[in-house]
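Morning, everyone. Let me put the structure up, and then I'll walk you through some of its strands and helices.

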Amino acid sequence: VLYSQHKPCIAEIWISLMKVQMGVPKFPTWEPVPEDQLPPSAQIPADLVDKLERLALLDFRTKQGLVCLEKAIRHADQLLVVDTSAVEPMDSVLEDRALNLRDDTAMEGDCAEELLRLSKNIVEEYFVAPPGKIFPLSGRFSASH
Amino acid sequence: MNILNVILKNYRSRLQRNQTTWPPPVLQRVSCYVICVNKYQYFVQKFPRGAPVNSNREENGKRNIYAPQQLVGVVGLEIHAQINSNTKLFSGSSVRFSAPPNSLVSFFDASLPGTLPVLNKRCVEAVVMTGLALNCTINKKSLFDRKHYFYADLPAGYQITQQRQPTAVNGRLTYSFLEGKKRSQVTKTVSIKQIQLEQDSGKSLHDDVRGQTLIDLNRAEGQLRVDANVSVHKPGEPLGIRTEVKNINSIRYLAKAIDYEIQRQIDILQSGGRVQNETRLICTADKAPLFSTPAFRFMPEPNLPPLIVYEDNASLPAGISVCQAVVLQAIRQELPELPSIKRDRLVQTYGILPEHSFTLVNEDGLVEYFESVLKVTKMEPRKVIGWVTNDLLGHLKQQDMSSIQTAQLALVYILLRTRVFLLAAASQVFQEMWTSSGKTAQQIFQEKDLALVTDTAQLHSICQRVVDSHPEEVDAIRNGKKKVLNKLMGLVQKETKGRADPVLVRNILQEKTS
């Protein structure tokens with residue numbers, strides 16, 4: 001694991017995780033949410049499917065793909081039943097810890113050779129990517145995948 | 001001579017340190033009105049809330065006064081400025097202009113799995129200072145967010161930024177400029193929505209021939225970049241649908257692009273159309289839309305706890321050392337004199353015109369130069385300002401800007417050497433320095449025989465000649481008309497081609513006419 005200059009924090013993470021674990025039950029428990037407690041299932045308009053495909057960089061406009069999408073949304077609908085009133089959302093388990101600030105002194109870098117070795121395609125000292133026009137430019141993801 | 005050497009030495013080292021900021025590039029000249037710390041990886045958003053923007057102003061050179069139902073433009077600027085730091089915002093790799101590609105990249109910058117961001121304290125201090133300079137409220141607790149988009153120059157797939165709660169919010173910048181033939185001063189205020197820290201993306205070079213994109217993750221482009229959000233509406237009504245004009249990297253184009261976009265939207269609405277929410281590139285003449293504004297899927301950055309800014313050292317909680325804390329009080333003390341305050345001070349202290357204070361402040365280093373000339377020469381400020389704004393800047397604009405350093409040194413030298421500011425002599429040497437390169441100020445000084453006449457005996461004899469040949473004036477002075485002495489002084493200066501030490505001449509003449 002490459003925790004660059006962050007070693008003191010590994011211990012902190014562990015402490016936090018231990019604390020969290022103490023409050024967590026030993027065995028998983030759940031009960032299924034009955035269908036009638038869920039809001040009516042939403043229809044997904046065609047332009048929303050378009051947008052999701054674009055953001056996910058996936059092509060799922062098949063009958064099977066749409067069924068899968070509907071199931072995923074229905075599964076997530078169960079979260080709507082959980083009462084979150086008066087509960088502040090948590091960003092991370094470290095959110096009450098002090099943010100580590102670094103001095104403005106160069107400590108890293110100068111490892112182009114090492115990094116470029118990880119790449120399949122390079123030209124001189126550059127990484128090589130497929131032509132850059134993937135993101136919504138043409139409306140749909142056009143590169144092969 | 002010793003003192004002279006010390007001052008010259010100080011001056012030279014100051015010049016060397018300022019080598020890159022003098023002459024000021026166009027960008028820097030502009031940035032002093034936008035922000036005072038022109039640095040790495042954060043951006044300022046200027047947002048005049050509902051302020052009408054003159055869309056078609058240049059008709060007959062007059063400003064249009066809008067009829068109540070007329071459409072007006074509303075403009076928000078997103079200004080990206082690089083913080084002047086040694087290392088990057090979230091990693092300890094260097095920041096350097098024009099370094100070999102990917103040489104300034106750490107494992108974190110390359111988004112290798114398992115690496116974590118570590119925030120640069122210097123960048124936080126810079127954004128807090130900028131916030132203070134722009135009259136912002138500094139959030140004691142600010143948060144980091146991830147902004148997602150898929151592009152090869154962003155290997156992590158997201159950029160760390162501050163969306164929900166940026167470090168500085170709700171600021172304002174009051175600025176003045178001179179307008180019209182009378183150069184009357186106009187003062188305006190622009191609201192600042194927020195100032196936030198944001199990670200830069202990499203740089204991509206498109207190789208159309210081979211159909212590939214080359215990626216450099218160094219991320220130190222060193223430029224000020226502006227995106228403009230433009231919409232039109234009728235005053236008092238809700239804001240219209242906005243478009244974003246991207247890719248503006250010169251101030252001249254900024255105004256052009258905004259004027260064009262406002263007019264385009266007015267034309268669309270007046271012909272019954274609808275403005276599309278889209279991003280437009282400035283590079284093509286017809287500004288074809290680039291892409292519709294994407295959803296960035298913002299989410300909290302889980303790897304960075306909230307950033308806390310403390311009021312003073314006393315408010316630091318136990319376990320937080322001073323070197324790990326960002327303290328408002330300390331940053332407030334380090335805030336340099338801001339341009340508007342500096343301008344007021346110059347006008348108040350030296351009695352110069354407001355327009356001259358603009359000229360001085362807008363050129364990097366010119367205020368310091370002006371003040372050091374005053375200090376050394378003890379000269380009347382209003383006389384020096386004319387020389388600085390006319391001769392010096394005039395030459396700067398015409399000639400090779402890099403010569404300024406020599407010229408400055410030369411001038412300081414002359415001023416020191418003569419001890420009295422002899423405008424004619426200094427100007428002459430200065431002129432000569434631009435035209436005949438290679439000659440030192442001293443050489444010209446000697447060649448042209450411009451040295452100040454301080455030989456008392458010589459001055460005595462010249463003064464005696466003048467007094468003898470002007471008995472009427474001498475009588476007038478003896479009868480109490482002291483001002484006539486100036487005429488005699490003028491005559492002495494004429495004889496010496498303006499090189500006589502005025503203080504000496506005055507003393508001698510007073511002696512001879514009493």
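I'll start with chain B overall, then take the sheets, then the helix pairs.

One caution at the outset: this is a predicted model.

Chain B has 514 residues, and 49% of them count as buried. Its secondary structure comes to 16 helices and 18 strands.

Now the sheets. Look for the one that takes strands from chains A and B. It is an open sheet of four strands, in the order β2(A)-β3(A)-β11(B)-β10(B). The pairing is antiparallel. Which strands stand at the edges?

β10(B) pairs with β11(B), residues 212-216, in the antiparallel sense, over five bridges.

Next, an open sheet of three strands in chain B. The order is β5-β17-β18, and here the pairing is mixed. At the edges stand β5, residues 141-142, and β18, residues 326-327. Again each edge strand has a single partner, so one side of each lacks a neighbour in the sheet. Take β17(B), residues 307-310. It runs parallel to β18(B), and two bridges join the pair. B:Val309 stands opposite B:Val326 of β18(B).

β8(B) covers residues 168-179, and β9(B) covers residues 184-197. They pair in the antiparallel sense over 11 bridges. B:Leu173 faces B:Val190 in β9(B) as its opposite number. What sits between the strands of the hairpin? Four residues. Check B:Gly180 there: the glycine takes a positive phi near 75°.

On to the helices. I have two pairs from chain B.

Pair one is α6(B), residues 339-350, with α7(B), residues 354-362. The angle is about 130°, and the axes are 9 Å apart. Why call that oblique? Angles over 145 degrees would count as roughly antiparallel, and 65 to 115 as roughly perpendicular, so this pair falls into the oblique class. The crossing is right-handed. From α6(B), the contact residues are B:Pro339, B:Lys342, B:Arg343, B:Leu346 and B:Val347. They meet B:Pro354, B:Ser357, B:Phe358, B:Leu360 and B:Val361 in α7(B). By class, that contact has seven nonpolar, one polar and two charged residues.

Pair two is α13(B), residues 456-469, with α15(B), residues 484-495. These pack at about 125°, with axes 10 Å apart. That makes α13(B) oblique to α15(B). The crossing of α13(B) and α15(B) is right-handed. Which residues meet? On α13(B) they are B:Ile462, B:Cys463, B:Arg465 and B:Val466. On α15(B) they are B:Leu488, B:Leu491, B:Val492 and B:Glu495. The contact divides into six nonpolar, no polar and two charged residues.

To recap the sheets: the four-stranded one is antiparallel, whereas the three-stranded one is mixed. That's my tour. Thanks.

Methods
Residues numbered from 1 in each chain as written. Chains lettered and ligands numbered in written order. Predicted model: local features only at pLDDT ≥ 70, side-chain atom pairs only at ≥ 80, totals over all residues. Heavy atoms only, no water. Pairing = 2+ DSSP bridges. Axes fitted to C-alpha atoms, helices over the stretch in contact; angles between N-to-C directions. Parallel < 35°, antiparallel > 145°, perpendicular 65-115°, else oblique. Left-handed = near helix turned anticlockwise from the far one by under 90°. Contact = heavy atoms within 4.5 Å. Nonpolar A, V, L, I, M, F, W, Y, C, P; charged D, E, K, R; others polar. Buried < 20%, exposed > 50% of the residue type's maximum accessible area, 1.4 Å probe, protein only.
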